[in-house]
Amino acid sequence: MIDKFDINEITKELGSHGSKNVLHSDGIRVSVITCDTFVDFYDINYKSNELIYLLKGKIKLETERGPIYAKEGELVVIPKGLGHGPAHGEGAVMLEIENR
């Protein structure tokens, strides 16, 4: 089965902050994430690196090694075992790819 997703529709559905899984298969998860506010969270991926591709906007992501700034068109690779969060986004729409 081939799935097709409209990122603009997902973005409207999620609002200023949210996440929607578009794939979760064979241990790989791909999510669309919106962030247009401060989001308080903390995460560590022990299994694998995490990839975040900025489709729109910009984001500041706190990590144990200091902040990471990313804007539209940039790809962030968060190494496995690196704690990260919280985040502050400005109109950010992202694809997150991780092994779960």
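Glu-9 and Lys-12 form a salt bridge, with their closest N and O atoms 3.7 Å apart. A salt bridge here is a side-chain nitrogen of Lys or Arg within 4 Å of a carboxyl oxygen of Asp or Glu. The model is predicted: local features need pLDDT of at least 70, side-chain atom pairs count only at pLDDT 80 or more, and totals for chains, interfaces and linings use all residues. Residues are numbered from 1 along each chain as its sequence is written, and side-chain values use heavy atoms, with hydrogens and water left out.

Glu-9 and Lys-12 are separated by about one helical turn, because they stand three residues apart in helix 1 (residues 7-14). Helices (H or I, at least four residues) and strands (E, at least two) are DSSP runs, numbered from the N terminus. Glu-9 is partly exposed at 44% relative accessibility. Lys-12 is exposed at 64%. Buried means under 20% relative accessible area, exposed means over 50%, and partly exposed lies in between (1.4 Å probe, protein chains only).

The structure holds six salt bridges. Side chains of opposite charge can pair when their charged atoms come close. Another of the bridges joins Arg-29 and Glu-98, at 2.2 Å from N to O. This pair links distant parts of the chain: Arg-29 lies in strand 2, Glu-98 lies in strand 7, and 69 residues separate them. Glu-98 is buried, with a relative accessible area of 2%. Lys-60 forms a salt bridge with Glu-62, where the closest N and O atoms are 3.3 Å apart. Lys-60 is partly exposed at 30%, and Glu-62 is partly exposed at 25%.

Empty space was examined next. Rolling a probe the size of a water molecule over the atoms shows where empty space is left. On a 1 Å grid over the protein atoms alone, a cavity is a set of points where a 1.4 Å probe fits but cannot get out. A pocket is an open set with protein on both sides within 12 Å along at least five of seven lines, and lining residues have an atom within 4 Å of a point. Grid points are joined across faces, edges and corners, and a volume is the space filled by probe spheres set on the points.

The count comes to one cavity of 30 Å³ or more. The largest cavity holds about 40 Å³ of space. Its lining consists of Ile-52, Leu-54, Ile-59, Leu-61, Ile-68, Ala-70 and Val-76. Strand 4 (50-63) and strand 5 (68-71) are the elements that give two or more residues to this lining. Strand 4 provides the largest share, four residues. The lining has seven nonpolar residues, no polar ones and no charged ones. Ala, Val, Leu, Ile, Met, Phe, Trp, Tyr, Cys and Pro count as nonpolar, Asp, Glu, Lys and Arg as charged, and the others, Gly among them, as polar.

The largest pocket holds about 310 Å³. It is lined by 16 residues, and His-17, Ile-33, Val-39, Phe-41 and Glu-96 lie nearest its centre. Strand 1 (17-25), strand 2 (28-35), strand 4 and strand 7 each supply at least two lining residues. The pocket lining divides into nine nonpolar, four polar and three charged residues.

Two buried residues complete the picture. Thr-34 lies in strand 2 and is buried at 2% relative accessibility. Gly-83 sits in the loop between strand 6 (75-78) and strand 7, and is buried at 0%.
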